[in-house]
Amino acid sequence: MTIKELLQKIIDKTDNKTLLCRVVNVNADYTATVEPLNEYPSLNDVRLTAKLQSQRGFILVPKNNSIVCVAFADNYPFITLTSEIQDIIIAIDGKITLKNNTENFGKLIVDLISAIERLTVTTAVGPSGTPINIAEFTTIKNRFKNLLNIN
C-alpha cells in the first residue's frame, strides 16, 4: 500500500469521526505526534489548538503516552480530549478569572499581599514598622492585578 493510499484510508475512514490515540510526543509548535490504537498509521502535526502554531487560548498539553481523542476538521486532526495533562496554558489578552461560589483567587492573592504589607512584629522595644521590602510586595501585587481578575 502506498503512502497516498494510507493517507486516503485515514481520511476516508475518519471523516467526521474520532480516533483514540496514544501520544508519542508533543512538539514546541503546539502539535503532537500520535499513534492510533487501531490499525491506522501514526499521525503527525495533530493540533493542540484551533489555529496551527497558535499560542493563544486555553491549551491542554497531553502527557506523552497518554490516551487522547483525535477529531478531524477539514481533514486536519486536532486533539479534543486527553486522559492525562502535562500542562495547562491559558494565554489570553484579558485577565484570568478563577473563582467558585465563595472565593475569587485574584482577590485572595491581593488580600494576602495587602496583609503582608501591613505586617508588624512585636519586639522588646515595641511594634516594628512595615516590612522594609514593601515596594517589592506592592510590585508583586500589581503584577497579580494585571494577570488576575479581582472582581
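At what angle do helix α2 and helix α3 pack, and how far apart are their axes? I looked this up first. The model is predicted. In it, α2 (residues 105-117) and α3 (residues 134-147) pack at about 170°. Their axes lie 10 Å apart. Angles over 145 degrees count as roughly antiparallel, so α2 is roughly antiparallel to α3.

Next I listed who makes the contact. From α2 I noted Ile109, Val110, Ile113, Ser114, Ile116 and Glu117. From α3 I noted Ile134, Phe137, Thr138, Ile140, Lys141, Phe144 and Lys145. I then sorted the residues of this contact by type. Eight are nonpolar, two are polar and three are charged.

Then I turned to the surface. Which residues form a nonpolar patch there? I found Phe58, Leu60, Ile85, Ile88, Ile90 and Ile92. Together they have about 510 Å² of accessible area. Two elements give two or more residues to the patch: β4 (57-62) and β7 (85-91). Strand β7 has the largest share, with three residues. I placed Leu60 in strand β4.

Last, I checked salt bridges. How many does a search of the whole structure find? I got three. I noted one between the side chains of Lys63 and Glu84, at 3.9 Å from N to O. This pair links distant parts of the chain, 21 residues apart. Lys63 sits in the loop between β4 and β5 (67-73). Glu84 sits in the loop between β6 (76-82) and β7.

Conventions: Residues are numbered from 1 along each chain as its sequence is written. This is a predicted model: local features need pLDDT of at least 70, side-chain atom pairs count only at pLDDT 80 or more; totals for chains, interfaces and linings use all residues. Side-chain values use heavy atoms; hydrogens and water are left out. Axes are lines fitted to C-alpha atoms, for helices over the stretch in contact, and angles run from 0 to 180 degrees between N-to-C directions. Helices (H or I, at least four residues) and strands (E, at least two) are DSSP runs, numbered from the N terminus. Angles under 35 degrees count as roughly parallel, over 145 as roughly antiparallel, 65 to 115 as roughly perpendicular and the rest as oblique. Contact means heavy atoms within 4.5 Å. Ala, Val, Leu, Ile, Met, Phe, Trp, Tyr, Cys and Pro count as nonpolar, Asp, Glu, Lys and Arg as charged, and the others, Gly among them, as polar. Patches are made of residues with over 30% relative accessible area and no salt bridge: like charges are joined within 9 Å, nonpolar side chains (Val, Leu, Ile, Met, Phe, Trp, Tyr) within 5 Å. Accessible areas come from the Shrake-Rupley method with a 1.4 Å probe; for residues, only the protein chains shown count as cover. A salt bridge is a side-chain nitrogen of Lys or Arg within 4 Å of a carboxyl oxygen of Asp or Glu.
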